[in-house]
Every structure is written in structure tokens, then in C-alpha cells.
Amino acid sequence: MELRKLTSADMQQVRSVWKACFGDSDSFLDAYFAACANIADGLGFFDSGRLVSSMFTYRINVNISGMVYQSQFIAGCGTLPEARNQHLMRSLIHSALTDMASRNICLCFLHPFLHSFYRKFGFETIAYVSRMQSQAQPVPSVKTASSISELPFDSIYASYAAYVTQFDSYFIRNKSRMQAWLKLLFADGGKAVYIDGSDSTPYALYYDKKDDQGSVRSEIFELVYFRPEQLAALTGGTGCPSSYFLPAAGPAENAADREDMEFTMMRVLDPQVMLGAYQYPAGAQPFVINIHDAFLGCDYNLQVSPQGSSAAVRPSAAPADIVTDVGGLAQLFAGTYPPKEFPAAVPFFASGSSCFFETY
């Protein structure tokens, strides 16, 4: 087996592996590699020249508890069935994380097919969503679009920015990324519904899917709204019964059913830098934190001395006030840790809300 970076010469094999693992269409892949992912940012395992496992990363800025970081998002992790159970993805993830750390990337993200699989690599869930259901209903104010040209793009983008900044942690999507995101949606037969308004343009992005009985349901994967009546109009205005997600800590208006599910996972790569940048509560006293990173083979015992809007961080031999693995550290930074499991962290790490939409 050969592990190496992917090149444009590998594109046909990359597409074959992706389609075998995820079933996406050629039109989706055309848009994905044209607008979102650079094949040069991918890694792959080759068996006698044949690509059998691959993954990709792309750059994304993120706000975590009020601090902005340049980060990486991991996507497209797939291995052909005949090459599975050989720990190939483990090696790809290890190589990617090591490379990120060498480039001073402090943290990265993914939306996994199975959270327990990536937890072994130091990722931890920092955002949950609630699955909701809605019935179709005629909504005259809702408009439907199947292309970017049919959308009031600037207003849609402004509404996205206004919505996510209500939360403590979120992805910072610029206009270029928003356009790429919409191109992916429409290239794969997706749709958008929106409500044109003077103060905002609430919207929902979705796909219509048939179930085994042939009934059509709208699967909404991005939903931006500001008032309960907008939520009802968007989820009911797709023309079909719909399922959708809300941030688990957010409102649950019009919920027929509610089931909280793990969603976004985060991985800390440089605890010392992030501990130095975190905004601790006023008057916070120095503390010592011990962090174990089994996957990358690192252990840290650090004294953190808050100083205004940042902190001085240095190695320490003192006993730790807080003991955690690198996954727990991600939850501390995002404010999603269970206080009963980390009582010593409560004076230093505030609880927070989050909303993450990126899924590819």
C-alpha cells in the first residue's frame, strides 16, 4: 500500500471511490471539485496503483466561544468495501492531523457517518441537533428556487450571517463559500424555499427524497429563520411533508417529534495555543490542566494564568486541577462539556450554544 497526496491525474479514481462509498451523482462531483474541494488537498491509499481509500480537507474559519480560528474541515472519508478493516482511514486521518499541526492549525472539524469511529482519533461531539417533523401546508409567502439566479443571494447571505452569530460557536461562511454551497445543492437536484422580507430573508435548503413506499419527503438540512411563523412557513412550504433539524439547545416550535442527535465533531490539535487564546471569566485564577492525546501520542500538563482577554500558558509539574483527554478539551472550549464530569472546569469554561451547517 502506498499513501500519498492526490493529484489531478487521480481524479477519475477519486470519483469512482466517492461514488462507490457515498452514491453521489456526477453533477454533484463536478460542482464539488469545481467549487469546494481541491484535489491537491486530498490523501489516498493506493494498492498496486489503484486508489482504494481517500479523504479531503478544506479550509474554513470558525468562531469557537468568541474566538476566531483558521481551521480545516475533513470530508469525503471513504474506503472501498474490499479494502476495509485494514486501518487505512486511521492512517489517513493521522497523516492529515500531523500535517495540520505542522502548519499551526489549532483545530479541525467533521460531520461523521459514525461518531464513535472518529472519537477514537480524538474528535468529540460539540454540537447536537433535534430532528423535527412537519406536514405540508399551502404557504403563499414562500418562494421556491432551483438555481442561484432565482435567489436574492445577498439577502440570503446576510440572513445566514445574522442567524449563526446568535450562537457562541459557528462556521464563518464568506460569500464565496455560500455560493459554492448553493451550487452543490442545485447541481444535485436540491431546492431552496425562502420568504422575501424587508428585514431578513429566512430560507431552507432541502432535497426531495422518495421512501420505500414511493412517498416523497423533503429533507431540510439548512434552516435559517428568526420568528416562529417563519419556521412554520418554511418547513410547511416545500410542498411535501418534511424532516428538519434545529440546534438542540434552540427553540422547538411546531415540533411533532423531537430526538436529539450527535452532529458536529471537533478535534483540538494545539491545546497550548487555544488555552492561551480562550477568553476566561473576569477574575479567573491560575489553574493547571492535564490533557492526554492518545492518537497523536502527546501529553500536556499546563499552567494557565488568565490575563485579561488571554492567558499565559506554560508547562508545569504541579498536580492538575482539571484532567481530560483531547476530546474532553474540545467540549471545554465549545462549552458543551457535562459539568458533573468536569466540576473543576466550571469556574473557567463557560457553557455555550452552537450551530454548524457544513456537512460535506
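**Close-up 1. Helices α2 and α6 packed against each other in a predicted model.**
In this predicted model, helices α2 and α6 pack with their axes 8 Å apart and at an angle of about 170°. Angles over 145 degrees count as roughly antiparallel, and α2 and α6 are therefore roughly antiparallel to each other. On the α2 side, the residues that make this contact are S27, F28, A31, Y32 and A35, while α6 contributes A180, K183, L184 and A187. Sorted by class, the contact of α2 with α6 holds 7 nonpolar residues, 1 polar residue and 1 charged residue.

**Close-up 2. The buried residues of helix α2 and what covers them.**
Helix α2 spans residues 26–35, and its buried residues are F28, L29, A31, Y32 and F33. The cover over these buried residues includes helix α1, strand β3, strand β4 (67–79) and helix α6. Is R15 buried or exposed? With a relative accessibility of 13%, R15 counts as buried, because the cut-off for buried is under 20%. When its neighbours within four places in sequence are left aside, R15 is in contact with D26, L29 and D30.

**Close-up 3. Helices α5 and α6 crossing.**
Helix α5 (residues 153–164) and helix α6 (residues 175–187) have axes that come within 11 Å of each other and cross at roughly 110°. That angle makes α5 roughly perpendicular to α6. From α5, the residues making the contact are F153, D154, I156, Y157 and Y160, and from α6 they are K175, M178, Q179 and L182. The residues of this contact between α5 and α6 divide into 6 nonpolar, 1 polar and 2 charged. Helix α6 is also the place of W181, which is buried, with a relative accessible area of 2%. Between W181 and I105 there are 76 residues in sequence and 23 Å in space, counted from C-alpha to C-alpha.

**Close-up 4. C355 and its surroundings.**
C355 belongs to strand β20, which covers residues 354–355. C355 is buried, with a relative accessible area of 5%. Which residues does C355 contact, leaving aside its neighbours within four places in sequence? They are Y163, F167, S169, Y170, F171 and P247. Of these, Y170 can be followed in sequence as well as in space: C355 and Y170 are 185 residues apart along the chain, but 5.3 Å apart from C-alpha to C-alpha.

**Close-up 5. Strand β10 with strands β8 and β11.**
Strand β10 (residues 191–195) is mostly covered, since 4 of its 5 residues are buried. Strand β8 (residues 142–145) and β10 run antiparallel and are joined by 4 bridges, and T144 stands opposite V193 in β10. Strand β11 (residues 203–210) is likewise joined to β10 by 4 bridges, and these two strands also run antiparallel. Here Y194 stands opposite Y203 in β11.

Strand β16 (residues 287–293) pairs with strand β17 (residues 298–307) in the antiparallel sense over 7 bridges, and I289 stands opposite L302 in β17.

**Close-up 6. I93 in the largest nonpolar core.**
The largest nonpolar core has 122 residues, and I93 and F349 are the ones that touch the most other members. Strand β3 (residues 50–64) supplies the largest share of this core, with 8 residues. Not counting residues up to four places away in sequence, I93 touches M55, I74, C77, Y118, F121, F123 and F295.

Key:
Residues are numbered from 1 along each chain as its sequence is written. This is a predicted model: local features need pLDDT of at least 70, side-chain atom pairs count only at pLDDT 80 or more; totals for chains, interfaces and linings use all residues. Side-chain values use heavy atoms; hydrogens and water are left out. Axes are lines fitted to C-alpha atoms, for helices over the stretch in contact, and angles run from 0 to 180 degrees between N-to-C directions. Angles under 35 degrees count as roughly parallel, over 145 as roughly antiparallel, 65 to 115 as roughly perpendicular and the rest as oblique. Contact means heavy atoms within 4.5 Å. Ala, Val, Leu, Ile, Met, Phe, Trp, Tyr, Cys and Pro count as nonpolar, Asp, Glu, Lys and Arg as charged, and the others, Gly among them, as polar. Buried means under 20% relative accessible area, exposed over 50%, partly exposed in between (1.4 Å probe, protein chains only). Two strands pair if DSSP finds at least two bridges between them. A nonpolar core is a set of buried Ala, Val, Leu, Ile, Met, Phe, Trp, Tyr and Cys residues joined through side-chain atoms within 4.5 Å.
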